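Me: I would like to go through this model with you, one topic at a time. Please keep the answers plain.

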Amino acid sequence: MIGKTGNIILKKAGLCFSLLMMLLNFSACKAVTAVSDVQTPAASTSAAASNQSHILVAYFSCTGNTQKAAQTIAGATRADLYQIIPAEPYTSADLDYNNKSSRTTSEMNDVSVRPAIQGTVENFDKYDIVFLGYPIWWGDAPRIIDTFLESYDFTGKTIIPFCTSGQSDISTSESNLKGLSHLQGVQVTWLDGKRLSADVSETDVIAWINSMNLKVQ
Ligand SMILES: Cc1cc2nc3c(=O)[nH]c(=O)nc-3n(C[C@H](O)[C@H](O)[C@H](O)COP(=O)(O)O)c2cc1C
């Protein structure tokens with residue numbers, strides 16, 4: 001079931017997205033493989049939080065764009081990297097936005113869907129800052145990001161959303177994630193989200209991070 005407001009938002013996002021698709025005509029690919037490890041930064045970084053905070057970069061990616069950006073953020077911040085892997089992987093057919101019955105279309109039409117995640121973040125409690133990355137689907141964050149946020153206690157943590165997309169910005173997804181009932185009344189600091197290109201440079205990531213007044217626990 002989707003609420004009236006959700007329907008309107010989805011329709012608007014759908015309209016913009018359909019137009020965009022006509023222009024870009026990009027295609028869905030296979031699910032990317034897991035990145036299991038912490039990324040070791042090759043370059044030195046002046047990122048404000050790098051030496052003081054425990055940072056996690058958690059991300060979901062089906063065609064590799066968000067994964068690339070996540071790897072760059074993790075490298076620039078000396079963070080641990082965690083890939084949100086769906087228990088049931090998304091196939092190319094699942095990712096078909098032209099098919100009204102595809103899995104992703106159905107999921108994005110139902111705000112209550114919570115696709116299961118394979119595995120968990122080890123020692124989640126130790127992290128002060130969580131970068132949370134995802135592709136934009138129909139103007140919003142994929143429902144599996146809701147699953148992720150509802151799977152952990154974020155009390156005292158700072159969340160920094162980031163996304164990749166064909167063109168859509170991050171704002172709708174950001175406000176929907178903040179509005180999740182699981183997080184209401186929880187002391188969480190949300191920093192402004194950012195849309196990144198898959199090939200964002202480490203220098204640009206560091207400039208972005210330094211521009212935030214990161215709250216270190
Ligand atoms: C089901 C689906 C819906 C999408 N919806 C949008 C959208 O509304 N706006 C947009 O700009 N891009 C949209 N895209 C494009 C993705 O956001 C973009 O390709 C993204 O970088 C993919 O990230 P990934 O490679 O990490 O999976 C959509 C892609 C898929 C598969």
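Me: How many bridges join strand E1 to E5, and do they run parallel or antiparallel?
Reply: Five bridges join E1 (residues 55-59) to E5, and the two strands run parallel. Two strands pair if DSSP finds at least two bridges between them. Helices (H or I, at least four residues) and strands (E, at least two) are DSSP runs, numbered from the N terminus.

Me: Before we go on, what kind of model is this, and how are residues numbered?
Reply: This is a predicted model, in which local features need pLDDT of at least 70 and side-chain atom pairs count only at pLDDT 80 or more, while totals for chains, interfaces and linings use all residues. Residues are numbered from 1 along each chain as its sequence is written.

Me: Back to the strands. Which residue of E5 is the bridge partner of Ala58? And of Tyr59?
Reply: Ala58 has Leu132 as its bridge partner in E5, and Tyr59 has Gly133.

Me: What does E5 pair with besides that, and over how many bridges?
Reply: Seven bridges join E5 to strand E6 (residues 158-164), and these strands run parallel. Within that pairing, Gly133 stands opposite Phe162. The chain passes from E5 through H4 to E6, and this β-α-β crossover is right-handed. Right-handed here has a set sense: with the strands pointing away from the viewer, the path from the first strand over the helix to the second runs clockwise.

Me: And E2, how does it pair with E1?
Reply: E1 and strand E2 (residues 80-83) pair in the parallel sense over four bridges. Tyr59 stands opposite Gln83 in E2. E1, H2 and E2 make a right-handed β-α-β unit.

Me: Is E1 enclosed or open, and why?
Reply: E1 is largely enclosed by the rest of the structure, because five of its five residues are buried. A residue is buried if 20 or more other C-beta atoms lie within 10 Å of its own, exposed if 12 or fewer, and partly exposed in between, with C-beta atoms placed from the backbone.

Me: Which residues of E1 lie on which side?
Reply: Ile55, Val57 and Tyr59 are on one side, Leu56 and Ala58 are on the other, and all are buried. In a regular strand the side chains alternate between the two faces of the sheet.

Me: How many residues of E5 are buried?
Reply: Seven of its seven residues are buried, so E5 is mostly covered. Ile129, Phe131, Gly133 and Pro135 are on one side, with Val130, Leu132 and Tyr134 on the other.

Me: New topic, the ligand. How many residues surround it, and which are the closest?
Reply: There are 24 residues around the ligand, the closest being Ser61, Thr63, Asn65, Thr66 and Pro135. A residue counts as near if its C-beta atom, placed from the backbone, lies within 6 Å of the molecule. Helix H1 (4-24) and helix H2 (65-77) are the elements that give two or more residues to this shell.

Me: What is the make-up of that shell?
Reply: The shell divides into 11 nonpolar, 13 polar and no charged residues. Ala, Val, Leu, Ile, Met, Phe, Trp, Tyr, Cys and Pro count as nonpolar, Asp, Glu, Lys and Arg as charged, and the others, Gly among them, as polar.

Me: Where does Trp137 lie? Is it buried or exposed?
Reply: Trp137 lies in the loop between E5 (129-135) and helix H4 (143-149). Trp137 is buried, with 24 other C-beta atoms within 10 Å. Leaving aside neighbours within four places in sequence, Trp137 is in contact (C-beta atoms, placed from the backbone, within 7 Å) with Thr104, Met108 and Pro142.

Me: What about the phi angle of Trp138?
Reply: Trp138 has a positive phi of about 50 degrees although it is not a glycine. Trp138 is found in the loop between E5 and H4, and is buried.

Me: Last one: which residues of helix H5 are buried, and what covers them?
Reply: The buried residues of H5 (residues 171-178) are Ser173, Glu174 and Leu177. They fall within an arc of 100 degrees seen down the axis, so they line one face of the helix. The arc is that of the directions from the helix axis to the C-beta atoms. What covers these residues includes H4 and E6.

Note on methods: Two residues are in contact if their C-beta atoms, placed from the backbone, lie within 7 Å.
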